[in-house]
Structures are given as C-alpha cells and as structure tokens.
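Hi,

Here is the structure I promised to pass on to you. Have a look at it first, and then read on for what turned up in it.

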Amino acid sequence: MQKEILIKDSCVKNTVYDMNTKQCRQVSYNSTLNCTATRLNESEYYITNDGLLYLNNTHRLLNQSDFGFDEDGTIIICVKNIINVLRKYSEAESYITLVGLIFSIPALAITIMVYLCIPALRTLPGKLLISLLSALFVAELLFLISSQVTASTVLCKSLAIMIHYSFLASFFWMNVLSFDASYTFSGFTQLRNKGNSTKRFVLYSLYAWICPLVIVTISLIFEYIPGNHGLSPEYGNGICWITNGKSLLWLFAFPVMLILCLNITAFILTTRGLYMASKLSAKYLKKHNKLDFIVCIKLFFIMGLTWTFAFLYTFTKIEEFSLIFCILNSFIGLFICLSFLFTKIVCRNIFKRFRHISKWPSTKSSEISSTSRRTLSTQIPTKVTFE
C-alpha cells in the first residue's frame, strides 16, 4: 500500500494513477468528449454487440456517450469515468468476495449434509431449504472456479451458462420459500395441514428448476441464432458471465427484480403474521419478540433480500450499498449455516443422533449377551432387534 501511494504521488504532470494497472496513465484534453481523456489498450476493453464498452479490469460497461476514438482509432474515455469506474471499495470487495466464498461454500455443504442426515429436519420447509442451498452451493462454487479460468474459452463460456442457470435457480427457490413462509404465517395453516406435502414439493420443484431452464434456453437461442438482434448474452467474453448489457438486463436482472418484489411482499406478509401471532401471547411477549426477530433475520437471507442493496447501488451509485451487498452475499452461506444449524431443535437432533451412534455398539453387545443367556436357559429362540 505504501508503494502504491508513493507511485501515485510520483505521477508527473498530465498523468493520473490507475489502481488497476498500478501505473500512471497519460491524459490529455479531448474536444469531442469535452473532457480530460486517456487512451485504452486493446487488452483493457471489449465492445459488445449492442455497442457498449466493457472494461476487462473492472468488469463494467460504459455507454456510447462515455467513450470515443482518437485519430488512429484508439478508444479514449474521460478521466472522470475512470474515477467512477475505480470505485472506493473495489479492492476491498475483491478480498471480501474471495474470503466470503471460501467460508460460505463449505458452510452450505455442511448445512445440506446435516439436513439430509437428520430425518426430523426433512419436513417440507426442510426440503425447500435443502433445494435452495444446493442451487446456491453450485452457483457459488462455479463462480469461484470461474475466477481462475481464462476468459473467452469454451470452458469459460460453459461456466458462464451454468452460473447463469444456478443463480436463477437460487432465486426461484428463494421465491418458493418466500411463498411457503407467507402461506404458513398468514393464517392458512389449517388448509396447509390438509394438503399433500409430497405433491407440493414436486410442484415447487418443477417451478424452481424449469423456469430458470426456460430463461437460459432463450438466452442460448439468442446466443446462436444469426443476425445482430442485440440480445445475445455473449457468454464468456472478457469474463465468465453475461457480457451483453441488454441481455443481462432482460435475461437476468429483470427476472431477479420481479422475484425480489414478490419476495418483499411475502416478507411483509410473513412479518405481519408473526406480529399478529405474538399479540395473542401477551404473557410471553418479550420472548416471542426475540424469536420473531431471529425468524425475520433468517427470512431476510433465504428470501434473497440482500440483493436489494445491489439494485440500490445501481440506482443511487452510493458506494456503501455496494460494500454491504458484497459482505452479505459473499458470506450468505456462513450466515445461513449459523442461523439454521445453531437452533435448539437442530442441536438436540444432532446430539441425539451422535449419542445413538456412540451407544449403538455397546447396546448391540448387551442385547446379544442378554439374548444368549435367555436362549440357554429357556431353549426358546429370541429375535434381536436394534433401534
């Protein structure tokens, strides 16, 4: 860091410091853009089919009005756009994302295994949670792998397609959990108990797995049909993700925004149901308020409401929203693991299962010994059973 500050301070006149290249860049006034501009190397950008400028170092798109060409055809952009692109927390967010994924991915795997191994947790809500965490686990694992893959390769393109599907599946499962939670806490529990949970789970699964498949299939059709229609996702060009801004908007951001709106509505209905239920228990109001708050925190994560900070940053450009979004979503697997595994019910079931496993050999030995004594004394065969 001290070295970077020294380099920045040593930049001579008509140069600015670039935090990505860690070098001083030459700048000059450009009359076409009417600003102080700098030239870009070919390795620093990529022009999408819809005419946007994609910056490889920062993974950001610039509109056509934000860049131009000088006499020899070299791309130039305003220095103020460099400052905007090099965001205040960009370097910190890179480290946070890496550390968060390293903790979150194993935490998601542990949570999934615990819920699969304990039958008491495999209720309908438990199965929904397992499905959500499975989709999120795959999405985060592929995202982490993609950061180490060379861009513009077949592998990068394949990873981009799978990441697109996995994240969409995660959001649709969040939508399922939101609906199920609001349905549970909105006073319809009597109707719910009469339903077939297996049938409901099958219907939920069809919705949450097939809808993302339809969207990705449409994306692939636009990717491979001929013609400049402007909706080709351009998977894997520059990074292992969607690099066409228009396609990113319609085939990812718009479905996510729609799901978030539905989930926010479900969150409000659920919290209202919890509040109304707590009013009926005035004697234990303080205890219920604490439990309701914990439930609301859990719902906030599994409903995907952390993504609201990403859209708040997009519309307001307030850097702190981007930082909050980065922290919450990078560590979301760890947050879910802690909030769902460290409960009385889960801990009691885990303890019961480990106690059962540790006592099983001695129980088997004592039962066989007891059975043998009874058999010798009575000469009547005895069936030995194990719980």
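To begin with the cysteines: the structure holds one disulfide. Please keep in mind that this is a predicted model. The bonded pair is Cys-156 and Cys-240, with 2.1 Å between their sulfur atoms. The link is left-handed, with -125° about the S-S bond. It ties together distant parts of the chain, since the two cysteines are 84 residues apart: Cys-156 sits in helix α5, while Cys-240 belongs to the loop between α7 (197-224) and α8. Both ends are tucked away: Cys-156 is buried at a relative accessible area of 0%, and Cys-240 counts as buried at 9%.

Cys-296, with a relative accessible area of 17%, is buried.

Next, the nonpolar packing. The largest nonpolar core has 68 residues, and the members that touch the most others are Tyr-115, Trp-173, Phe-252, Ile-302 and Ile-336. Helix α5 (residues 154-185) gives the most to this core, contributing 15 residues. There is also a second, separate core of eight residues, with Leu-55, Leu-62, Phe-67 and Ile-77 among them. As for Tyr-115, once neighbours within four places in sequence are set aside, its contacts include Leu-121, Arg-122, Leu-129, Ile-130, Phe-340 and Val-346.

Is Asn-263 buried or exposed? Asn-263 is buried, with a relative accessible area of 0%. Its side chain makes a polar contact of 3.2 Å with the side chain of Ser-178. Beyond its neighbours within four places in sequence, Asn-263 is in contact with Met-174, Asn-175, Ser-178, Met-303 and Leu-305.

Finally, the annotation. An unreviewed UniProt entry places the feature "transmembrane region" at residues 95-116, 128-147, 159-180, 201-222, 248-270, 291-315 and 321-343. I can give you details for two of these spans. Residues 201-222 are 100% helix and 0% strand, with the end C-alpha atoms 32 Å apart. Residues 248-270 are likewise 100% helix and 0% strand, and their end C-alpha atoms lie 31 Å apart.

Happy to talk any of this through.

Best wishes

Key. Residues are numbered from 1 along each chain as its sequence is written. This is a predicted model: local features need pLDDT of at least 70, side-chain atom pairs count only at pLDDT 80 or more; totals for chains, interfaces and linings use all residues. Side-chain values use heavy atoms; hydrogens and water are left out. Buried means under 20% relative accessible area, exposed over 50%, partly exposed in between (1.4 Å probe, protein chains only). A polar contact is a pair of N or O atoms within 3.5 Å; within protein, one must be able to donate a hydrogen and the other to accept it, and residues adjacent in sequence count only if both atoms are side-chain atoms. Contact means heavy atoms within 4.5 Å. UniProt positions are given in the numbering used here, feature names are shortened, and annotations may be inferred rather than shown by experiment. Helices (H or I, at least four residues) and strands (E, at least two) are DSSP runs, numbered from the N terminus. A nonpolar core is a set of buried Ala, Val, Leu, Ile, Met, Phe, Trp, Tyr and Cys residues joined through side-chain atoms within 4.5 Å. A disulfide is a pair of cysteine sulfur atoms within 2.5 Å.
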